[in-house]
Amino acid sequence: MNSRQYIKLAESLPPRLTRFFARYPPQALLSQSTTLSSSTPSTSSSARDSTASSVEEMTAGQDGLAVPSPFRAQKHPVTGKWHDPVFSLRRQAELVKLARQHGVEELLPYTVKGTEERLRRRAENGLRVKGTGIGQRVKGKESERTLKGRLEKRRQAMLDMPQMIQTWKERGHGRGWKKWPK
Amino acid sequence: MAKKAKSRTIAVRLVSMALTGYYKTLIRPRTHRPLSMLKYDPVVRKKVLFLEQKRGGR
């Protein structure tokens with residue numbers, strides 16, 4: 001049966017992935033599991049897992065919808081504030097990598113770290129470095145932005161330097177000097 | 001309370017007139033005229049004129 005395959009699959013997965021799937025059952029399996037009574041993808045046969053999955057099912061049943069994606073920021077329905085995703089981008093990428101190794105990436109919710117999305121972006125942008133496209137430019141640090149002007153000023157000052165030293169010597173080595181720098 | 005007496009000498013900053021931002025800090029008597037001298041500026045790698053910065057601030 002299908003469910004038996006899933007059981008086998010779940011047993012072969014690393015604990016990190018099984019924990020994830022127990023907490024966030026894949027959408028495809030969830031719709032099947034409602035018909036198949038209590039078989040959820042998390043089938044590590046421990047009491048804790050089964051209770052957790054049953055609770056999950058209950059909440060899902062109440063909402064009529066699945067659990068919101070843990071890979072996306074959620075707007076709180078009451079306060080209207082945005083909450084960060086349950087999994088950070090780094091952890092999302094780690095989960096994707098792990099799932100890809102075990103061939104279950106399709107079971108994960110949509111994430112920007114997914115292979116498909118990555119390939120799509122690569123096709124769209126190629127090997128472009130950020131800020132080098134048409135009409136884009138890198139702002140840079142202030143020192144980088146003003147470098148040219150400063151060097152030009154310095155060059156000009158060095159050109160005027162012999163004249164300046166000459167006048168300085170003529171005015172008694174600073175005795176008659178009026179223009180002191182600020 | 002009596003005010004604290006001013007020190008006889010002050011520390012002054014001589015800035016490079018090559019506009020490199022390089023400066024040297026020297027000590028001179030308070031009543032002395034402002035310092036100025038030719039000194040080596042490592043940024044432009046030349047001897048250039050150093051002038052005392054106007055004091056004040058605050």
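Two residues are in contact if their C-beta atoms, placed from the backbone, lie within 7 Å.

First, the ground rules. This is a predicted model, where local features need pLDDT of at least 70, side-chain atom pairs count only at pLDDT 80 or more, and totals for chains, interfaces and linings use all residues. Residues are numbered from 1 along each chain as its sequence is written, while chains are lettered from A and ligands numbered from 1 in the order in which they are written.

Now the fold. Chain B has 0 helices and 4 strands. Helices (H or I, at least four residues) and strands (E, at least two) are DSSP runs, numbered from the N terminus. Along the sequence that reads β-β-β-β. Take the contacts in chain B between residues at least 6 apart in sequence: 32% join residues at least 24 apart.

Next, burial. A residue is buried with 20 or more other C-beta atoms within 10 Å of its own, exposed with 12 or fewer, and partly exposed in between; the C-beta atoms are placed from the backbone. Of the 58 residues in chain B, 21% are buried.

Two loop residues, then. B:L19 sits in the loop between strand 1 (9-16) and strand 2 (23-29) of chain B. Its phi is positive, about 60°, yet it is not a glycine. Buried or exposed? B:L19 is buried, because it has 20 C-beta neighbours inside 10 Å. B:R45 lies in the loop between strand 3 and strand 4 of chain B. B:R45 is no glycine either, and has a positive phi of about 55°.
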